[in-house]
Amino acid sequence: MNDSENTSTYLYEKENEYVLSLPRVVAGCKSKKFYPDSLIWLFLNKIKSFRTVLTYLIRVIIGWKWINKTRKLKKRGSLVDAIVIGNGPSQGFLDVDTLTQFQNNGGELICVNFWTENEALSKVVPTYLVSSDPIIFSNNIPDHLSEKHEKLLSYILKNSSIMLIFPLNRCDELSKVFGEKRMIGFVDHELRSWSNNINPLYPRGYLTMTLYKALAMANWFDYRNIYLIGMDNTYPRNIYCDQNNNFINHEIHAGDKDYAVDQSAMYNTIGDGLYEIAQVFYDARKFKNPKILNLDRYSLTDAFKKSTDSVSEVLNPRKVIKP
């Protein structure tokens, strides 16, 4: 590499060329526009979100048996440890031996969404799998996710010990596929403008991120220690913009090849996307549980204490033999 290839401009160009050349998926969604400097917008946004209360009450009445089941699970994990595993790059700090030993010591694993994409780690069968993505196990699977979906479905059917945690409105439907005993429901109505709630029995006071919902369930189960990994939240450094001003997100997930998502239809501007990303970090602060320990020292999520030891040392500490 010559001197010109060491310049910041050269590296900047190569980085953008790499991301913009990746296979691209278009995210189709209603465009989000935010006006945080407008008191009128903030007021109307609060009033609009308050309608959630009505839909929540209706959903609770319809799905009372699932609410009651979740209510009875409060503090069920108080005598054991758990690790909540997201799909961020730091998931790669884990290995099969460490997770297996953690389970053998009584620890429980809470995973999210397409856990099966990490072929190595998915050899370890999790205790719980959490998902709130409405397309998973639905009839509306996009073509680019069909193979992942079939792999996940087969995995769950094969491993009947996995408990499934889904929004209330999916429990009746999915219990016909997986059985009622495996289903656990949580309230997935958002009331962020009015509440900081993380109790899964009530509308949540945080953005719709599956990993946050998994953490909320771990908090409800009240584990002795809650370890966290894969919540890298590297969104701010994964944003790119092409020559047509398309909002491109570089998707980096453990066990999966890099790809890009065109989010131009989701957000009116880059600023709108960054505003919502900022909310992701603010919402992490709402999980005020001193028992949560982030095992990724590089994570941008700064709401939790971070470990200074290796992942294996934390999950499976060596017992000190007294002389």
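Lys75 sits in the loop between helix H4 (64-72) and strand E2 (81-85). Helices (H or I, at least four residues) and strands (E, at least two) are DSSP runs, numbered from the N terminus. Residues are numbered from 1 along each chain as its sequence is written, and side-chain values use heavy atoms, with hydrogens and water left out. The model is predicted: local features need pLDDT of at least 70, side-chain atom pairs count only at pLDDT 80 or more, and totals for chains, interfaces and linings use all residues.

Lys75 is not a glycine, yet its phi is positive, at about 65°. Its relative accessible area is 45%, so Lys75 is partly exposed. The cut-offs are these: buried is under 20% relative accessible area, exposed is over 50%, and partly exposed is in between (1.4 Å probe, protein chains only).

Asn113 also has a positive phi, of about 45°, although it is not a glycine. Asn113 lies in the loop between strand E3 (108-112) and E4. Asn113 is buried, because its relative accessible area is 16%.

Now the rings. The structure holds 15 aromatic pairs. A pair of aromatic rings is described by the distance of the centres and the angle of the planes. Rings of Phe, Tyr and Trp (its six-membered ring) pair if their centres lie within 6.5 Å; planes under 30 degrees apart count as stacked, over 60 as edge-to-face, and the rest as tilted. Two of the pairs are listed here.

| Pair | Centre to centre | Angle between planes | Type |
|---|---|---|---|
| Tyr128 and Phe221 | 5.2 Å | 35° | tilted |
| Phe247 and Tyr267 | 5.6 Å | 40° | tilted |

The pair of Tyr128 and Phe221 links distant parts of the chain. Tyr128 is in strand E4 (residues 128-130), Phe221 is in helix H8 (residues 210-221), and they are 93 residues apart. Both Tyr128 and Phe221 are buried.

Phe247 and Tyr267 also link distant parts of the chain, 20 residues apart. Phe247 belongs to strand E9 (residues 247-251), while Tyr267 is in the loop between strand E10 (259-262) and helix H9 (270-284). Phe247 and Tyr267 are both buried.

Rings can also group. Phe34, Tyr35, Trp41 and Tyr275 form one aromatic cluster.

Which residue lies over the face of Trp194? Lys46 does, at 5.2 Å from the ring centre. Arg204 lies over the face of Tyr206, at 5.9 Å from the ring centre. A charge sits over a ring if NZ of Lys or CZ of Arg is within 6 Å of the ring centre and within 35 degrees of the ring normal.
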